[in-house]
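Okay, thanks for coming, everyone. Let me put it on the screen.

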Amino acid sequence: MIFETIIGLEIHIELNTRSKMFCACSTEFGAQPNANTCPVCLGMPGTYPVLNKEAVRLALRAARALNCRINKVSCFNRKNYFYPDLPKGYQITQFELPLCEDGFLEFESEAGNKKSGRAINHIEISRIHLEEDAGKLMHPEDQPVTLVDYNRAGVPLIEIVTRPKAIRPQAAVDFLKELKSVMEYTGVSDCRMEQGSLRCDVNISVRRKGEKELGTKVEIKNLNSFKEIHKAMEWEMQRQQELLLKGKKVMPETRRWDQIRGVTIPMRTKNGSQQYYITPEPDLPGLDLKSEIFRSYLEEPLPELRAQKNRRFMEQYNLSRYEAEILTQNKGLADYYETVVKHGAAPVDASNWILVELLRLWNPADNAEIPVSGKALAQLIKLVNEGTISRNAGKKVLDEMFETGKSPRLIIEEKGLAQISSRAEIEIIVDQVLKQNKDAVEEYKTGRTKVAGFLMGQIMKAGRGRLNPNVAREILEEKLK
Amino acid sequence: MMTILELQKGYREGSFSVRQAVESFLERIKKLDQRIGAFITVCYNEALDQAEQLDQRLSRGENIGPLGGIPVAVKDNICTKNIRTTCASRMLENFVAPCDARVVENLKKAGAVIIGKTNMDEFAMGAASGTSAYKKIANPWNLSKVPGGSSGGSAAAVAAGFAPLALGSDTGGSIRQPASFCGVVGLKPTYGAVSREGLIAFAPSFDTIGPMASTVKDCELLFNVIKEQNQSNGSDTEEPDIENSHKNNCTGAFDAGMQNMRIGMPKECLVGLDQEAAQIYLRAEKIYRDSGARVEWFSLPEIDACASAYFILSSAEAASSLARYDGIRYGFSIKDPQDLNFDDLIRSNRTEGFGDEVRRRILFGTCMRMPEFAAYYEKAEKIRKNIKQAVNRLFGRFDLILMPTSPVLPFDIKEKHKYLHNENQLDKFTAIMNLAGIPALSLPGGFSRTGLPVGLQLAGDYFTEDKLFRAASCLEQKLGVYKKLPCLEGDQA
């Protein structure tokens, strides 16, 4: 029996603002518990929210990058339920009139059959709305208490909801990766999944191919990396298919992904059903998105997104798809590449050095600054290309540059790594080696020209790797004639 | 009892110090408030400290501000730093807010002395000040009668001469109705004209803070201090010249001000209106006609649905606004929470921390936002929309609307059923202004045969408080009601 899997995603992304959504508290991650709180985000009596316009600005950037229709008027609502991480007893969110609706994102994904390679895929976005984050509960193992940290309470989020679509889990993950890149490129969020600034819940159902009605939907929570999202979707898809094959029913429920056991398990419901009610938010006026201030946000230019940059890199720098994709996976890295090229490195050389050597030393996922400037790397490439040092020595120099931040010239000087290119000097070494290996020279003359390789190796060894190999080879060939 | 004018004259001329004056108010409260119950907290030390600072400033020849040295009573749902703010609820019995409400900041900047926090209906829910968790309030004009509510403590404090000025809050009539019952002036400003920052929310789309005083002029003075200055640049605005403005508004000037003012009177107000209140209402009509105003009766059928719509919408908002009181980070908490899970703990805290009326409205409001009752909620919202449209049309035709404030006279404190189960009637003439967001003022219109105050209400278009004050002053001068004071000392002891 052939099944298809329908997947819908709810993605929460923390916006890159300095202060919270309705007060002046910092959004910095990792502060002491409850250090970033004030009467407003603690929901004290008599306090009222004041909207942070930067949150609206960033959300509107996301809306445009995801091709959404921006509503003329957008309103806030209260989602009312009791939970200790929710200081006001309600979350300020948007319901009937979100910021924007009806968008889409194109992304590349492997086509269904492997031969056809990669294809452009497309997921529709039903809405994006603004909301505030809740606090965080902690359950210390050694004490029978629950602790609450409200640092995250009131941090601005956007929730992106996709329209359910029949796709494979891999394609859903490819979509998420593209979405993450768009959010990073547009400066909307730093999307650090390990810090929870990008979180994703998955709605998944299966049905027999050809059926019109959707199967029963299951929501999966507690997913904190793309890898785990992928695994969870695959597992849940299997589970539901097996149930259907056995003639059983899928229960509509929320399940959580147990990363250690690699299974989804039904979530313990908090005291039966967690009911909530949506009501208007009387403390915040509706947003008139046609007003001057919001119009000016909508007129801001958007940066080149990854897909566009990818295409441009392939055309402008003559890179392969593979090279361009790696270089543009991270906006910082893509900018770095262009800096190296700007400082005189040939585009292909720059790409080689970054892909082979730089990424050995620097992991884009760390989101750290690259300690070697693009200009310095361009210099290093030039020194290797001019023959001042060998490619191998170049690697060592780069290692040293990463560690000490010194310029390539200084390192070459200090370590005596400069290549010997002078004919006279090299000739002396070649002569010595030929003298010590008379047998090999004889062999060569009888026609076994392969031994030239052996002799070349001996020469380079004698020169401690510092001889310019091209010059050495030239001299060796002359002497063997 | 001294008026603001007399107090300020005394300070200026050095006849007495601010401290002496404040002391005399505090003494009066100490002596008489046991019988009234207007205050939950009296700020003896804070008020005297403030008074001394003002005296020092006076001795240096400094200007102490438009309300310099004037005691103000503040309703206990308006936050004050270092002084507890209880909302007359067990839930917030020991709650001290981290900062002053914006209006309190404004008061302090203007030199006012916060003399105490006034009793009220719990979380401002009620119309007779009968739901306070602490004590009942008596009407200074007749101690067996209710003072109205929910700002009953503020109204009683002004009527009893405990403070010349008070702040109240009005969500469905909570300033105007007690002002009417206690024979004082109270203004519900345009929604948004006064900052709500620091007002503990009941129904945020209706809540307003407003001034209460014994005369229209004093009420206006307080309003000018607490209202948001639109073009505020943070510097002190020009201070009004009180003495001269009093002089300027002589009777003749009032009449000139009323010339051609168009005043509408809704016929529906006469239905179910107390007989004596109706006579006072019709007398006001005559005064305005005689002053040259163009008075016209008209029909406002929307009025009948207002109280119900208001009750549904305000309760729904309250259910959400009061959700934060779980007794965990602050507020009332039961004694032995150890064995309870989160849901049971907050259920116990809320059940014991809130009084009957608050729980009733939270339950009702929660029901109203359940999908099963969506039809009621939507209807109520539709009524609100209609009211706004009706009001917009009205103020094309009229400058002001003249109405009674309350359909009934102050009733007996013992008549519980009147304020617990018949509330919609009490809000009948006041909730409409909260639904529409327009300003409205209640001023004393006269007395019943039994000596109980009866109020009159004026409503105007958005941000036309100045017009309300002008028309109210005219009526006040002609009626002269403000000259009569309740008799509290000695004879009733």
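Predicted model: local features only at pLDDT ≥ 70, side-chain atom pairs only at ≥ 80, totals over all residues.

Is B:Val42 buried or exposed? B:Val42 counts as buried, because 21 other C-beta atoms lie within 10 Å, and the cut-off for buried is 20 or more. And what does B:Val42 touch, once we ignore the neighbours within four places in sequence? The contacts are B:Leu26, B:Ile29 and B:Gly116. Take B:Ile29 from that list: B:Ile29 and B:Val42 are 13 residues apart along the chain, and their C-alpha atoms are separated by 8.3 Å.

Now zoom out to the sheet. In chain B there's an open sheet of 11 strands with mixed pairing, and the order reads β1-β3-β2-β4-β6-β5-β10-β11-β9-β7-β8. So which strands are at the edges? Those are β1 (39–42) and β8 (294–298) of chain B, each of which pairs on one side only. On average, and ignoring direction, neighbouring strands in this sheet are turned by 25° against each other.

Let's go to β6 of chain B, residues 208–213. All six of its six residues are buried, so β6(B) is largely enclosed by the rest of the structure. You can check that face by face: one side has B:Thr208, B:Gly210 and B:Met212, the other has B:Ile209, B:Pro211 and B:Ala213, and both faces are covered.

What about the partners of β6(B)? With β4 of chain B, residues 165–170, there are six bridges, and the two strands run antiparallel. One pair to click on there is B:Ala166, whose bridge partner in β6(B) is B:Met212. With β5 of chain B, residues 185–188, β6(B) has two bridges, again antiparallel. On that side B:Gly186 stands opposite B:Met212.

Helix α10 of chain B, residues 275–290, lies across β7, β8, β9, β10 and β11 of chain B, and runs at about 50° to β11(B). Then there's α18 of chain B, residues 465–479, lying across β5, β9, β10 and β11 of chain B. How does α18(B) run relative to β10(B)? The angle there is about 5°.

There's also a helix pair I want to show you: α11(B) and α13(B), the latter being residues 356–368. Their axes come within 7 Å and cross at roughly 100°. That puts α11(B) roughly perpendicular to α13(B), because angles of 65 to 115 degrees count that way. From α11(B) the contact uses B:Ile312, B:Ser315, B:Ala316, B:Ala318 and B:Ala319, and α13(B) brings residues including B:Arg361, B:Phe364 and B:Met368. By type, the residues of this contact divide into seven nonpolar, three polar and one charged.

Now for where the chains meet. Chain B gives 26 residues to the contact and chain A gives 20. Which helices of chain B supply at least two residues each to the side that touches chain A? They are α11 (303–321) and α12 (342–353). The chain B side of that contact divides into 15 nonpolar, three polar and eight charged residues.

Last stop, chain A. Its secondary structure comes to 15 helices and 17 strands. The radius of gyration is 30 Å, well over the 23 Å from the globule rule for 481 residues, so chain A is more spread out than a compact globule. Its C-alpha atoms fill a box of roughly 95 × 55 × 55 Å along the principal axes. Of the 481 residues in chain A, 36% are buried.

One detail to finish on: in chain A, β14 (residues 253–258) and β15 (residues 263–266) run antiparallel, joined by four bridges. A:Trp257 has A:Thr264 as its bridge partner in β15(A). The two strands form a hairpin with four residues between them, and A:Gly262 in the turn has a positive phi of about 70°. Okay, over to you for questions.

Notes. Residues numbered from 1 in each chain as written. Chains lettered and ligands numbered in written order. Pairing = 2+ DSSP bridges. Rg over C-alpha atoms; globule rule 2.2 N^0.38 Å. Buried ≥ 20, exposed ≤ 12 C-beta atoms within 10 Å, placed from the backbone. Contact = placed C-beta atoms within 7 Å. Nonpolar A, V, L, I, M, F, W, Y, C, P; charged D, E, K, R; others polar. Axes fitted to C-alpha atoms, helices over the stretch in contact; angles between N-to-C directions. Parallel < 35°, antiparallel > 145°, perpendicular 65-115°, else oblique.
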